[in-house]
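I opened this notebook to record what I looked up in one structure. The entries follow the order in which I made them.

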Amino acid sequence: MNTSTPPFIIDSHVHYEATDIWEKSFLEIYTRYNAMACLLMSMRDLDRGIQFAKAHPDRVIPYAAIEIDSPAVIKDIIKAKAMGFKGLGELFATNQWNYDDPKYDSIWTMAEKLGMPVAPHTGILSNGLMARMRPGYLATIASKHPELVIHAAHFGNPWYEEAGEATRRNANLYFDLSGSSLIKKGNDPAFWLQFLWWTPYLGKSHMPNDAVPAFEKIVFASDEGPEELEANIIRFNKMLDACGVSEETRAKCYGLTIARIHGIQVGTSR
């Protein structure tokens, strides 16, 4: 079991809880691991959440969890940007429209204009919904909005092949592997090579000119409470080890990719 931890971490998917106890736990644990996190904050918690983020800029990258079906969604995006939010998420298509439906075009256009990365959910939800959140719909958005950075949750679970091809072909599309995926494939941690397969073929036929090593399109995320950070690191290490991922690429997975996206200067101590 690989319990080693990288010198710098950005957890790209943590749901903020607006309580003193949660904030204290988050700061203690993420400081211990020299980690930052994209904290996904519900609309009802934006005021408290942004104050927490501004008080701890070395730990928190604040994301506003806008409701994409709200009639005020564009105003909500503009408000979140003005408040100091850096991104938007987690986002959910849970009604009758797919992510790439024209209904949502104004959301992606505004996020792209404001330079706000988006973190949509993909695949199965805890309530059983999934059909509107296929990763292929994000490929449409990424292609139409090349300056919009998308780092989506859960690698399309269970549509992994679709997610792999979507991210291979779109330089601005990334995925995390949080949720049940690394758990259900814990006995087969090399499973992911069949979907993130193209590293040996860079520069050859049928490869995009801007393609990067496959695992550079994966970003670390826990999608769990602060106390589960170590367990998620161990799970992620197991997958990286089994898939033969280089140290250079691991560093990008663990934080350098999200740091680059947000213009964060990285040192080994904070």
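How many positive and negative side chains does the chain have, and how far apart do the centres of the two sets lie? I found 27 positive and 32 negative side chains, with the two centres 3 Å apart. Lys and Arg count as positive, Asp and Glu as negative, while His and the chain ends are not counted. Each charge is placed at NZ of Lys, CZ of Arg, CG of Asp or CD of Glu.

I noted that this is a predicted model, in which local features need pLDDT of at least 70 and side-chain atom pairs pLDDT 80 or more, whereas totals for chains, interfaces and linings use all residues. Residues are numbered from 1 along each chain as its sequence is written, and side-chain values use heavy atoms, without hydrogens and water.

Next I looked up the overall form. The chain holds nine helices and eight strands (DSSP runs of H or I, at least four residues, and of E, at least two, numbered from the N terminus). I recorded that 53% of the 270 residues are buried, meaning under 20% relative accessible area with a 1.4 Å probe, protein chains only.

I then turned to strand E3, residues 60–65, where six of the six residues are buried. Val 60, Pro 62 and Ala 64 point one way, and Ile 61, Tyr 63 and Ala 65 point the other way. In a regular strand, side chains alternate between the two faces of the sheet.

Finally, I looked for a partner of E3. Strand E2, residues 35–42, pairs with E3 in the parallel sense over six bridges; pairing requires at least two DSSP bridges. Leu 39 stands opposite Pro 62 in E3.

Note on methods. Buried means under 20% relative accessible area, exposed over 50%, partly exposed in between (1.4 Å probe, protein chains only).
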